[in-house]
Structure formats: structure tokens, C-alpha cells
Amino acid sequence: MANRADAPHALVNPLLLRLIRTARWFLPPSARANLRDQLFRWLDLRWNIAPGLSARISSYGDWLIYNEIFVAREYDRALAIALDFAARENSPIHIVDFGANVGFFTMRAVQELRRAEMAGRDFTITAVEANAGCAEDFRTRIFGENGLSDSVTLAQGLIGERSGTAPFYENSLFQHGGYRRVDLSYIDLSALLAATPRIDLLKCDIEGAELLLLENYPDLFHKTRVAIFEFHPYLCDVERCRRLLEEYGLTRQEMFRTSRDTSIYAVWREPETSGR
């Protein structure tokens, strides 16, 4: 089992990879996708990312998300700002993971919380995921394989409105893309986080529902110190999202990645007002 969190590719024989890449072009797309998924399951990629914490990749989708979080480290700047605020105090740290997927961001947060300067600090992570398959993978990884049920909780349902139900397509309220429709209930996030006096870091990747969240939950953002979003400009009004975040007191802003389809955007409070 490898110990480097930034090099899972080192676990795979280069010659085997070369043969696979050559052979796949002789197969139809559906067969290539099926073969790729079977290979990921056969390779059983696992490695230690911190003492007592291990990561597993079991699909191509896992591979992509792992690389965004652990290799490109797209959320690390926001994590660093949040933990810098928290390091000045002795109170428990609370992190929220909206759009938790299979748990890699939660793992990354725990990995950082186990650094020497943070070791021993009490923390809780509240995760929310709508996709039933991802939620089950999250439970397997975070609770089953890593034993984090004492500090991490997971709620399954939609994010955006405060109540009601809506059709959900694989990973989005808005992108149908031929995906099977499932009607799901919205989670009342204010009730879910009612006992949390302060959110040290809120991570949000909910495939276009960001504006719904911001419009319906000002109470959550008024008690948030640092937030980081993956915005989807073709699915929601990003400029309105940014204005609302500023209205809620998250006036410091930084863009980490931007493209036609997505951007990674972090906001945080001025240090003197962060304890709100």
C-alpha cells in the first residue's frame, strides 16, 4: 500500500497502462467504459493518506475527483484559511460538506485536521449528498473503512429549497442528460445545523443549486467564516451568488480556477469579524 497521497498512479504498472490504452481503441465506447470500471475494481487502488486514514478509488469518477482534491488541491486554500482562523482558538472546529459525493473532500479535511498543529482538536463534519449511490459509497469509506462516525455525519437529500420535493437527475437538479429521474426531498439545512453555533468552513459543490442555497439560507452564511464553491455559470447566476455572499459579510474573495463551465471560488470574513 502506497503512502503518497499525490501519486496513486505509481501503484499501476506502466506497461499494463500502455497496453490498456492501446487496446481500448479497438472496443466500442460502451465496452470501453465497462472495461475501465472493471479495471478500477480489479486494481483496488488504496493507500494511506494519514495515520489511520486510507483512501480507495473504485471507479474513473473517483479517480477524477481524487485528483481534483488531493493532487490539484483545489480546496486547500480555503481549508488553510479556515484552519488559520481556528488555530487562534480552542473551540471545536465544524466543517460542512455540501455535495459530499463519495467522501474525498471530507477525507482531505480530516487529513488536514490531523496535522501536528491541529492534532487533538475536537471537530465535526456535517456532510450532505443527494445521490443514493454516492451516499452509500460515502458511508462505506468514511464510516466503514475509516471509522469516522463519531465526528462525521451524513444526511441524504436535496440542497436548495427549505422544504418540498423535486426531480433529481444523477448529480443535479438541472442537468437531465438522459439520466434517470428520482424524486427526492429537500433537507432543512437550518434544522440540520441548528446546534452548530459557527461554521468554520462550508464547501459547496451542488451542480447548479448554489443560488437556491444562498437565497434560502442567509442564516447559515451569517454564521459561516469561510466558504468555497464550485460554481456552474451555465446553471445559475454566479454574479448574484457573489453579491449575496458579500451581503452576508463574506467580503474577502479569491478565484482559484475558472473555465467556461466551472469556477472554484472562495470567500471569507475579515478576521476581526469572523467570530460572528
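In what order do the strands of the open sheet run? It goes 5-4-3-8-9-11-10, seven strands with mixed pairing. This is a predicted model, where local features need pLDDT of at least 70 and side-chain atom pairs 80 or more, while totals for chains, interfaces and linings use all residues. Residues are numbered from 1 along each chain as its sequence is written, and side-chain values use heavy atoms, leaving out hydrogens and water.

**The sheet**
- Strands here are DSSP runs of E, at least two residues, and helices are runs of H or I, at least four, numbered from the N terminus; two strands pair if DSSP finds at least two bridges between them.
- Strand 5 (152–156) and strand 10 (252–258) sit at the edges with a single partner each, so one side of each has no neighbour in the sheet.
- Strand 4 (residues 123–129) runs parallel to strand 5, joined by five bridges; A127 has L154 as its bridge partner in strand 5.

**A buried charge**
- E129 belongs to strand 4.
- E129 is buried (under 20% relative accessible area, with over 50% exposed and partly exposed in between, 1.4 Å probe, protein chains only).
- E129 has no salt bridge, and K203, the nearest side chain of opposite charge, is 6.8 Å away.

**Salt bridges**
- There are 19 in the structure, each a side-chain nitrogen of Lys or Arg within 4 Å of a carboxyl oxygen of Asp or Glu.
- R141 meets D62 at 2.6 Å, N to O; R141 is in helix 6 and D62 in helix 3 (residues 60–71), 79 residues apart.
- R141 is buried at 0% relative accessibility, and D62 is buried at 4%.
- D76, R108, E112 and R115 form a linked network.

Conventions. Lys and Arg count as positive and Asp and Glu as negative; His and the chain ends are not counted.
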